[in-house]
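Please look over the chain shown below before reading on. The notes that follow take the fold first, then the surface, and then individual residues.

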Amino acid sequence: MQQRIIIRNVLRGIGILGVILFLLGYPRSYSLFIGSGVALFLGITDFGRQCPLMLSVQHHLNRMKLKKQSQVPH
């Protein structure tokens, strides 16, 4: 758990540093800006951990089963 927090903080830091360098006019700043935007996105959201789960067919099947079970017939 602690390792995930550290990795996310590092990604946020890299993203913020890249945005600052882009704003200061660092050479090749567009590629740096795109890379730092991706790092910032992964640091802020937990997409890297959740993406395989969201794309999993088994996950969707389980959600559909739970949805059918939770519906109360009238």
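How many helices and how many strands does the secondary structure of the chain come to? It comes to four helices and zero strands, where helices (H or I, at least four residues) and strands (E, at least two) are DSSP runs numbered from the N terminus. This is a predicted model, in which local features need pLDDT of at least 70 and side-chain atom pairs count only at pLDDT 80 or more, while totals for chains, interfaces and linings use all residues. Residues are numbered from 1 along each chain as its sequence is written, and side-chain values use heavy atoms, with hydrogens and water left out.

**Overall fold**

- Read from the N terminus, the elements of the chain follow the order α-α-α-α.

**Burial and surface**

- Of the 74 residues in the chain, 8% are buried, where buried means under 20% relative accessible area, exposed over 50%, and partly exposed in between, with a 1.4 Å probe and protein chains only.
- The chain exposes about 6,400 Å², of which carbon and sulfur atoms supply 69%; accessible areas come from the Shrake-Rupley method with a 1.4 Å probe, and for residues only the protein chains shown count as cover.

**Helix 1 and its end**

- Helix 1 (residues 2–24) has 23 residues and should therefore span 33 Å at 1.5 Å a residue, which agrees with the 33 Å between its end C-alpha atoms; the expected span is 1.5 Å times one less than the number of residues.
- Just after helix 1, Gly 25 adopts a positive phi of about 85°.
- Ile 14 belongs to helix 1 and is partly exposed, because its relative accessible area is 46%.
- Together with Ile 6 and Val 10, Ile 14 forms a nonpolar patch on the surface, with about 260 Å² of accessible area in total.
- An α-helix has 3.6 residues a turn, so residues three or four places apart point the same way.

- Ser 31 is located in helix 2 (residues 29–44) and counts as exposed because its relative accessibility is 54%.
- Between Ser 31 and Gly 18 there are 9.7 Å in space, C-alpha to C-alpha, and the two are 13 residues apart in sequence.
- Ser 36, also found in helix 2, is buried, because its relative accessible area is 2%.
- Leaving aside residues up to four places away in sequence, Ser 36 touches Ile 14, Gly 15, Gly 18 and Val 19.

Conventions: Patch = residues over 30% accessible without salt bridge, like charges linked within 9 Å, V, L, I, M, F, W, Y side chains within 5 Å. Salt bridge = Lys/Arg side-chain N within 4 Å of Asp/Glu carboxyl O. Contact = heavy atoms within 4.5 Å.
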